[in-house]
Amino acid sequence: MADIGNILDGPDTGGVTFYDPSQDKPSVPMPEGQYPAHVIEVKTATRDVKGKYKALIFNIRVRIAPKSDSHMVFEAVDYDGNKVEVNGGSFEGREMRSNGIFKFLHPSDDDEFESNPGGNKGYSNFCVCVGKEPQTKEIEMNGEMVSVKELPDLKEEDIMGRPVMAVVGRGKPWKSDRDGKVRTSLEVKWFRTWADGEAIDVDDAKDDDLPF
């Protein structure tokens, strides 16, 4: 029967257990910053907003892409409090949700809610990021011609698997039911265009998750 010491230490160490700092990759919390990612899930819900608007809200989940290590190096603090440098590739495969993207709806003659076109900045930006550029259009408003962005209606095929730059930051504080401590989680705060990113097939996408 093999000696337990030999099994644990292995033949290359000569029976001596050692620590090699040069092979120790620092364990750090994911830093805030910009990461290449792909959209892997989108769910929508229609909600009343502030008692006078109505919006279609897009809740997006992304997965950090393998190319993260070639895009950025972060200065971070590890769990021992030491300052270290870490590349984005350390977080490849990490999944996270975005804060809601609001598409404020335009009322018809029978609707009682108000329009809020000035609140569509986030949705307009997201359309650009997934390659559906809003078109500039001249319309008459209060007797004057004004230039506006005509927003497309995004469909499932416009969003799933699309490459985006995810701007990651801290969300709102929340209290844990388990220990009562106040914490903040990382979320995608904004999207930017990943110019050289390529779309992927999302194997785990489910048609019944999407209300399109």
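The model is predicted, with pLDDT of at least 70 needed for local features and 80 or more for side-chain atom pairs, while totals for chains, interfaces and linings use all residues. Residues are numbered from 1 along each chain as its sequence is written, and side-chain values use heavy atoms, without hydrogens and water.

Colleague: How many residues of strand 2 are buried?

Modeller: Strands here are DSSP runs of E of at least two residues, and helices are runs of H or I of at least four, both numbered from the N terminus. Buried means under 20% relative accessible area with a 1.4 Å probe and protein chains only, exposed over 50%, and partly exposed in between. Strand 2 is largely enclosed by the rest of the structure, because the number of its twelve residues that are buried is nine.

Colleague: How many bridges join strand 1 to strand 2?

Modeller: Two strands pair if DSSP finds at least two bridges between them. A37 has I64 in strand 2 as its bridge partner, and the hairpin of the two strands has three residues between them, with K50 at a positive phi near 55 degrees. Strand 1 and strand 2 run antiparallel, and the bridges joining them number twelve.

Colleague: Which residues have the most contacts inside the largest nonpolar core?

Modeller: A nonpolar core is a set of buried Ala, Val, Leu, Ile, Met, Phe, Trp, Tyr and Cys residues joined through side-chain atoms within 4.5 Å. The largest one has 33 residues, and the elements supplying at least two each include strand 1, strand 2 and helix 2. Those with the most contacts inside this core are F58, I60, V62 and F191.

Colleague: What volume does the largest pocket have?

Modeller: On a 1 Å grid over the protein atoms alone, a pocket is an open set of points where a 1.4 Å probe fits, with protein on both sides within 12 Å along at least five of seven lines; lining residues have an atom within 4 Å of a point. Points are joined across faces, edges and corners, and a volume is the space filled by probe spheres set on them. The lining has 17 residues, with H106, P117, N120, K149 and L151 nearest the centre. The volume of the largest pocket is about 600 Å³.
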